[in-house]
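Please examine the structure shown below.

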Amino acid sequence: MLSKTCFKFDLQFGIIMKSIYLIIAILGASNIFAQTNLPKNELGLNLYNNEFEFATILNKSGLKHYTLTGLQYKRNLNNNYLLRFLFNNKNESYSESYADWIVAGGTFYSSGIFKTQDYKIGIERVFGGKEIKPFAFIDIGYRYFNNKGVNASINSQSPAYKNIDLTNHYLNYVIGLGVKYYPTNHIYLGAETCIGYHRQIFDGSLNPNYVELFNPINTFVFGVRF
């Protein structure tokens, strides 16, 4: 009688363990399938962006256009949130001349290259369906800015030339909105707009003056998911 009871117990225990193994196998297979169909990474090429900085004492306001400036990488934390990393590099040549208000008939001349590098990290919140996904984001970052060129005062009395090599460092933050379109599960197009501030760092301290920024098209991106 005892042997029959033990046999029944062993049989039931074996059925339970097989069921547990089957459930584990199904869950493992579904997890692998989900990972295959939900890419965790996004890598994008910034095809175009523009930038508008409001005028300060030393800078003129205006809208500037750039192409092929940088890359962005995003990591899916879950279905709604992504961690963002962005890098942009811009080189802009300039050449200006205007009347010398000190010497009659004289001319001020300035030429050189602006070099700008932006490094940003942020969080992106995604809304919407499968193919078209609106999103909101906030980024914080660092900007390196270098102005290398020459300033000249050209006149008949005392012409003068001065080489310039000025570097500025900024902290910044931006908030914005955007939308991404996924024609396939592994390719997307995205565009976003943002507003924010730069705050200059110099001599280990912070400049109290903020510089507003507005990017009507912060990025227009072609990207892949994997």
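What volume does the largest cavity have? In this predicted model, the largest cavity has a volume of about 130 Å³. The structure holds two cavities of 30 Å³ or more. Fifteen residues line the largest cavity, and Asn88, Asp118, Lys120, Asn215 and Asn218 lie nearest its centre. Several strands contribute at least two residues each to this lining, namely strands 1, 3, 4, 5 and 8; strand 8 gives the most, with four residues. By class, the lining of the largest cavity comprises two nonpolar, seven polar and six charged residues.

The second largest cavity has a volume of about 30 Å³. Its lining includes Lys74, Phe135, Glu192 and Thr219, and strand 7 gives the most to it, with four residues. Four nonpolar, three polar and three charged residues make up this lining.

Glu192, one of the residues that line the second largest cavity, belongs to strand 7, which spans residues 187-202. Is Glu192 buried or exposed? Glu192 counts as buried because its relative accessibility is 5%, which is under the 20% cut-off. Beyond four places in sequence, the contacts of Glu192 include Lys74, Arg84, Phe135, Asn218 and Thr219.

The mean pLDDT of the protein is 80, with 72% of residues at 70 or more. Over residues 4-9 pLDDT stays under 50, and the model has zero contacts beyond four places in sequence for them. Where pLDDT is low, the predicted coordinates should not be read in detail.

Terms used. Residues numbered from 1 in each chain as written. Predicted model: local features only at pLDDT ≥ 70, side-chain atom pairs only at ≥ 80, totals over all residues. Heavy atoms only, no water. Buried < 20%, exposed > 50% of the residue type's maximum accessible area, 1.4 Å probe, protein only. Contact = heavy atoms within 4.5 Å. pLDDT = per-residue confidence, 0-100. 1 Å grid on protein atoms, 1.4 Å probe; cavity = no way out; pocket = protein on both sides within 12 Å on 5 of 7 lines; lining within 4 Å. Points joined across faces, edges and corners; volume = space filled by probe spheres on them. Nonpolar A, V, L, I, M, F, W, Y, C, P; charged D, E, K, R; others polar.
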